[in-house]
Amino acid sequence: MIAATVAAFVLSLALFRFVPQQFFPDSTRLELMVDMELAEGSSLRATEAQARRLEVMLDGHEGVDNYVAYVGTGSPRFYLPLDQQLPQANFAQFVVRARDLQAREAVRRWLLDEVVPQFPELQLRVTRLENGPPVGYPVQFRVSGEHIERVRDLASQVADRLRGNPNLANIHLDWSEQSKVVRLRIDQDRARALGISSQQVAQFLTGQLSGLQVSTYREDNELIGVLLRGTGDERSQLDLLGSLAIPGGAGGPVPLSQLATLEYGYEDGIIWHRDRLPTITVRADVRTELTPPTVVAQVLPTLEDIRASLPPGYLLETGGTVEDSARGQNSIKAGMPLFLLVVVTLLMLQLRSLSRSVMVLLTAPLGLIGVTLFLLAFRVPFGFVAMLGTIALAGMIMRNAVILVDQIEQDIAAGHARWDAVIDATVRRFRPIVLTALAAILAMIPLSRSAFFGPMAVAIMGGLTVATVLTLLFLPALYAAWFRVRHDEAPPAIAQ
C-alpha cells in the first residue's frame with residue numbers, strides 16, 4: 001500500500017506539467033474592451049475619424065446592448081482590475097457591452113473576424129475584462145539595454161521569433177514607431193541683428209500653433225480660458241510655417257524663414273525605462289485556446305540563442321501573465337516557513353509526539369494526486385486560486401490524519417493490541433472521516449461552475465476524494481510500518 005501510494009504520488013508529479021497553467025481566468029462581465037491605436041504621431045482628429053468608422057459598425061449590431069468611446073485616452077476605472085491606458089493622441093478605447101455572455105462571445109468573434117481586417121492601417125485589439133491584477137497583453141518579453149537602437153534591433157528579433165508561433169496574434173513592440181517632427185534651426189547672428197531672441201520665437205510659435213490664454217470667460221461657477229492662436233491653415237499646413245511673420249524690432253514683422261531653417265525628421269514619441277534602462281516590450285495575444293504560460297513555454301526555447309548573444313548590460317526578461325503568476329506564487333512561498341512552523345506546533349500540541357507529527361505531516365502532499373487527476377480530467381487550469389485551494393486541501397487531509405492517529409493512540413492506551421487498534425480505529429473512524437470529506441466535496445459543487453473559483457473547487461474536490469481514500473488505507477499501513485506493528489504481538493499490560 002505504501003509503495004503504491006508513493007508511486008501514484010511520483011506519477012502525479014510527472015503528470016502535473018501537462019496541467020494547463022493560468023494566472024487568473026477572464027471575467028464573466030458582459031463588457032468587451034476594444035483598443036484602437038494608430039501610428040505614432042497621429043493627430044487626435046485622425047483618431048476620432050477612425051473611432052467614428054467603428055461606431056457606424058457597432059450601431060444596431062445584433063448582440064450589442066450599448067457602447068461608449070474614449071478618444072485620446074482610455075476608459076476611466078469602472079472595474080477594479082481594469083488595465084488603464086495613458087492619454088495619447090493616437091489612441092482610442094471602446095467599452096462594448098453585450099446583452100449576455102453568449103452574445104458577448106458572438107460579438108467578440110465578429111469583431112475579430114470581420115471588423116479587424118477592415119482596419120489594416122491601425123492596431124485593433126479586442127479583449128475581455130480580466131480577473132485579478134491587470135496584466136494587459138498576456139505574452140510579453142522585455143528587452144532592456146543602454147543604447148536604444150541596439151535594444152530596438154534585439155526586440156525586432158524577438159518579435160520575429162514570436163511570429164513563428166501559430167498560437168500568437170497581434171505581435172508588436174510597445175514603442176517601435178517614431179514620430180514626425182519639424183526642428184527649427186535659428187541663425188543666432190541674423191536673429192540678433194533683427195532684434196529677435198529665441199524666447200520670442202518660441203512664444204510666437206506657441207501662440208500661433210497651440211494658442212496663448214489672453215482672457216477668462218466665466219459661465220456660472222465655471223471658468224473657461226480664451227485662447228488667441230493662428231488660423232486653421234497656419235496651424236495645419238507645414239508649408240506655411242516659414243511664412244509666419246514674427247513681430248521684430250525696429251524693422252517690423254520678419255518672416256520665420258528669414259532667421260531660421262526648417263528641418264524635417266523623426267524622433268521617438270515615447271521612451272519607456274525600466275530600472276533606468278531603455279526598455280522595449282514585445283507584446284502579443286493568444287489566438288488559440290491554449291493558456292499564456294503554455295505558449296510562453298513553447299516560445300522560450302526559440303529565444304535561447306538571442307539570450308546567449310546579448311551584449312553585457314542587456315537583458316531579455318519574460319513579463320505578462322507568467323511574471324505576474326510568479327510574483328503571486330512568490331508571495332505565498334514567502335509565508336510558507338511560518339505556515340509550516342504553525343502547523344508543526346499545532347500537531348505537536350495535539351499529538352504530543354514528534355514522530356507522529358511528522359507522519360501526519362507527510363500525508364499533506366498526497367492531495368496532489370487527486371488535484372492532478374481532476375484538473376487533467378476536466379481540463380481545468382491550475383492558477384493562483386487553485387494553488388490556494390491546494391494549500392487549504394493540505395489542512396483538510398492533516399485534520400483527517402490527526403483524527404485517525406489520535407483514535408489509534410486512544411485504543412492502544414485502553415489496552416488493545418496495536419495491530420487490532422490500527423484496524424479497529426480505522427473502521428470506527430471510517431464514517432466520520434468520509435462524512436466530513438463528503439460534506440466538503442458536495443459544498444464545492446456550486447463553486448465548480450464559477451469562472452473565478454471553479455479551479456479551486458475542482459482542486460479541492462479531486463484532492464479530498466483521493467486523499468480520503470488514502471487516509472483510510474495508506475495511513476494505517478504507514479502507522480504499522482512506522483512503529484513496526486506486528487499482527488502477532490501481545491496487547492500491552494494495563495497498570496492497576
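Is M1 buried, exposed or partly exposed? M1 is partly exposed, with a relative accessible area of 46%; here buried means under 20% relative accessible area, exposed over 50%, and partly exposed in between (1.4 Å probe, protein chains only). Keep that scale in mind for the views below.

**Before you look.** This is a predicted model, in which local features need pLDDT of at least 70 and side-chain atom pairs count only at pLDDT 80 or more, while totals for chains, interfaces and linings use all residues. Residues are numbered from 1 along each chain as its sequence is written, and side-chain values use heavy atoms, with hydrogens and water left out.

**View 1. The whole chain.** The protein chain has 16 helices and 15 strands; helices (H or I, at least four residues) and strands (E, at least two) are DSSP runs, numbered from the N terminus. Its C-alpha atoms fill a box of roughly 125 × 55 × 50 Å, taken along the principal axes. The radius of gyration is 34 Å, whereas a compact globule of 496 residues would have one near 23 Å. That radius is taken over C-alpha atoms, and the globule rule is 2.2 Å times the number of residues to the power 0.38. Of the 496 residues, 42% count as buried. The accessible surface comes to about 26700 Å², with 58% of it belonging to carbon and sulfur atoms; such areas come from the Shrake-Rupley method with a 1.4 Å probe, and for residues, only the protein chains shown count as cover.

View 2. M1 sits in the segment before helix 1 (2-15). Not counting residues up to four places away in sequence, M1 touches L470, L473, F474 and A477, where contact means heavy atoms within 4.5 Å.

View 3. Two strands pair if DSSP finds at least two bridges between them. Strand 1 (residues 31-37) and strand 3 (residues 91-98) pair in the antiparallel sense over seven bridges, and M33 has V95 in strand 3 as its bridge partner. Six bridges join strand 1 to strand 4, again antiparallel; here D35 has R125 in strand 4 as its bridge partner. Strand 4 is mostly covered, with five of its six residues buried.

**View 4. A cluster of aromatic rings.** Ring pairs link F24, F384, F452 and F453 into a cluster. Rings of Phe, Tyr and Trp (its six-membered ring) pair if their centres lie within 6.5 Å; planes under 30 degrees apart count as stacked, over 60 as edge-to-face and the rest as tilted. The rings of F24 and F384 have centres 5.6 Å apart and planes at 50°, so this pair is tilted. The two residues are 360 residues apart, with F24 in the loop between helix 1 and strand 1 and F384 in helix 13 (residues 384-413). F24 counts as buried, at 14% relative accessibility. The rings of F452 and F453 have centres 4.8 Å apart and planes at 85°, so this pair is edge-to-face. F452 is partly exposed at 24%, and F453 is partly exposed at 37%.

**View 5. A buried threonine.** T321 is found in helix 10 (residues 320-351) and counts as buried, at 10% relative accessibility. Leaving aside neighbours within four places in sequence, T321 is in contact with F23, V135, P138 and P292.
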